[in-house]
Amino acid sequence: VQLQASGGGLVQAGGSLRLSCAASERTFSNYVMGWFRQAPGKERTFLAAIYWSADSSYYADSVKGRFTISRDNAKNTVYLQMNSLKPEDTAVYHCTAAKNIATVTSGFGFWGQGTLVTVSS
């Protein structure tokens, strides 16, 4: 599975961004999708995951209520809507894919190039 994240950029604190991740896999709908981020000098952190049918999603406490994960299986794309952004949200954001939720949340699924999000104060 090849993944390409996009949509990052510079935003002021309190602003919003929507990230997209396009997958090459034609069986995209069979995969659980997730988002991680990695801030400079820090380990990557799980943010959110969504099941195949989009009827269940999971969030890290740090982003619950501010970030929303969604997917469009017809477009082989997963999204991360980020609201009320804070300077500490500054990081490279990556999407990931795997056949089960445990592999996604542990970070051992497929990865692609990330997209940089910078939040200014």
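The model is predicted: local features need pLDDT of at least 70, side-chain atom pairs count only at pLDDT 80 or more, and totals for chains, interfaces and linings use all residues. Residues are numbered from 1 along each chain as its sequence is written, and side-chain values use heavy atoms, with hydrogens and water left out.

**Overall fold**
- The order of elements from the N terminus is β-β-β-β-β-β-β-β-β-α-β-β.
- Along the principal axes, the C-alpha atoms fill a box of roughly 40 × 25 × 25 Å.
- Of the 121 residues in the chain, 44% are buried, that is, under 20% relative accessible area with a 1.4 Å probe and protein chains only.

**His 94**
- His 94 lies in strand β9, residues 91–98.
- His 94 counts as buried because its relative accessibility is 17%.
- A polar atom of the His 94 side chain lies 3.4 Å from the backbone nitrogen of Gly 114.
- Leaving aside residues up to four places away in sequence, His 94 touches Gly 34, Trp 35, Phe 36, Trp 111, Gly 112, Gln 113 and Gly 114; contact means heavy atoms within 4.5 Å.

**Largest pocket**
- A pocket is an open set of points on a 1 Å grid over the protein atoms alone, where a 1.4 Å probe fits, with protein on both sides within 12 Å along at least five of seven lines; lining residues have an atom within 4 Å of a point.
- The lining of the largest pocket includes Arg 37, Lys 42, Glu 43 and Glu 88.

Definitions and conventions: Helices (H or I, at least four residues) and strands (E, at least two) are DSSP runs, numbered from the N terminus. Buried means under 20% relative accessible area, exposed over 50%, partly exposed in between (1.4 Å probe, protein chains only). A polar contact is a pair of N or O atoms within 3.5 Å; within protein, one must be able to donate a hydrogen and the other to accept it, and residues adjacent in sequence count only if both atoms are side-chain atoms.
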